[in-house]
Amino acid sequence: SLHNCVHTAHERVRGAPLPAGSGAGWMHERQLRGRRFRLLIANSRLMKNDVEHRFGVPPDQVRVVYPGFDPARFRPEDRTLWREAQRRRWAVGEEETVVGLVSSGDFEKRGLPLFLRALAGLPPAVRRRVRAVVVGKETRPAPYLNLMRSLDLGDRVQFETPQVHVEALYHALDVYVHPAPFEEFGMSVQEAMACGVPVLTTRRVGASEFWPGAWNAWLAEAPEVSELSARLAALVEDPLLRRALGAALAPAVRANDWEAHFRSLRACYDEVLDAAGRVE
């Protein structure tokens with residue numbers, strides 16, 4: 001089971017090849033180029049395509065098994081349960097639109113600099129109505145805080161540490177933004193979609209493979225600041241558009257729960273065991 005694509009992620013996020021001394025890079029080269037496996041499980045088609053083209057892994061040796069989610073936690077029906085209490089904790093004004101990014105860590109990979117620049121690029125009248133919340137644990141916050149101040153966003157962005165009930169954070173948002181330069185899957189994207197929250201992301205995020213076709217125009221090919229600003233402004237100014245997008249995203253991921261994940265995973269193991277001559 002492959003967790004990430006260290007070479008491509010480094011190239012997209014850092015703009016340079018992965019250093020030759022990278023231990024993770026050496027391990028991936030050894031395992032993938034040497035075909036030291038019978039079957040490879042990838043988190044998305046994005047990931048599958050990467051290992052096929054970079055390492056020459058045959059397509060029939062890779063299976064896509066998407067990570068799942070808990071449908072009892074992440075569902076549109078709980079919006080009223082969490083929304084108002086969380087927004088009161090954030091001291092959000094009635095006329096403010098809350099946009100946010102949730103990450104387990106590594107703000108650079110999740111596209112926080114792009115997010116901040118897109119906020120700064122909003123028309124002044126729109127920006128005054130927007131509150132941004134960034135949730136996550138980052139060991140090096142200074143570059144992002146400095147960027148925020150340089151963009152004059154100090155009173156528009158607040159940082160929050162992770163919390164147990166992350167679903168409360170999604171439901172408190174009006175728009176979830178995930179402009180990652182490269183994300184092998186993106187659990188937070190899927191969770192926000194499952195909650196019925198309108199999402200702005202790109203095809204460089206694996207979870208976007210669940211995107212409903214009727215809304216393809218809202219799925220950018222790659223993260224780009226001016227395009228992100230324009231789409232974010234449109235969502236901020238149009239509550240009906242937000243509602244329609246969120247309503248389309250929730251059913252798009254509904255079937256991809258953890259039970260579906262485990263069934264697909266079991267099928268992969270059964271395939272390998274059968275090919276090897278299963279002993280009952």
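Arg75 is partly exposed, with a relative accessible area of 35%, where partly exposed covers the range between buried (under 20% relative accessible area) and exposed (over 50%), computed with a 1.4 Å probe on protein chains only. The structure is a predicted model, in which local features need pLDDT of at least 70, side-chain atom pairs count only at pLDDT 80 or more, and totals for chains, interfaces and linings use all residues. Residues are numbered from 1 along each chain as its sequence is written, and side-chain values use heavy atoms, with hydrogens and water left out.

Asp78, at 10% relative accessibility, counts as buried. Side chains of opposite charge can pair when their charged atoms come close. By the rule above, the count comes to 16 salt bridges.

A second pair joins Arg83 and Asp174, with 2.6 Å from N to O. This pair links distant parts of the chain, 91 residues apart: Arg83 sits in helix α4 (residues 79–89), and Asp174 in the loop between α8 (166–172) and β6 (175–177). Helices are DSSP runs of H or I with at least four residues and strands are runs of E with at least two, both numbered from the N terminus. Both Arg83 and Asp174 are buried. Arg87 joins them, and Arg83, Arg87 and Asp174 are linked in a network of salt bridges.

Glu221 is exposed, with a relative accessible area of 56%, while Arg203, at 34% relative accessibility, counts as partly exposed.

Turning to the whole chain, the protein has twelve helices and seven strands. Its radius of gyration is 20 Å, close to the 19 Å that the globule rule gives for 280 residues, so the chain is as compact as a globular protein of that length. The radius is taken over C-alpha atoms, and the rule is 2.2 Å times the number of residues to the power 0.38. Along the principal axes, the C-alpha trace spans about 65 × 40 × 35 Å. Of the 280 residues, 52% are buried. Contacts (heavy atoms within 4.5 Å) between residues at least 6 apart in sequence join residues at least 24 apart in 68% of cases.

The accessible surface comes to about 13,500 Å², and carbon and sulfur atoms account for 53% of that area. These areas come from the Shrake-Rupley method with a 1.4 Å probe; for residues, only the protein chains shown count as cover. The chain carries 38 positive and 35 negative side chains, and the centres of the two sets lie 2 Å apart. In this tally Lys and Arg are positive and Asp and Glu negative, with His and the chain ends not counted, and each charge is placed at NZ of Lys, CZ of Arg, CG of Asp or CD of Glu.

The buried residues of α5 are Leu112, Pro113, Leu114, Phe115, Leu116, Ala118 and Leu119. Leu147, found in helix α7 (residues 142–150), touches Pro113, Leu116 and Arg117, not counting residues up to four places away in sequence. At 14% relative accessibility, Leu147 counts as buried.

Two backbone positions deserve a friendly flag. Most residues other than glycine have a negative phi, and most peptide bonds are trans. Ala91, although not a glycine, has a positive phi of about 55°; Ala91 is found in the loop between α4 and β3 (97–102) and is exposed at 56% relative accessibility. Asp152 is not a glycine either and has a positive phi of about 60°. The loop between α7 and β5 (157–160) holds Asp152, which is exposed with a relative accessible area of 58%.

Definitions and conventions
A salt bridge is a side-chain nitrogen of Lys or Arg within 4 Å of a carboxyl oxygen of Asp or Glu.
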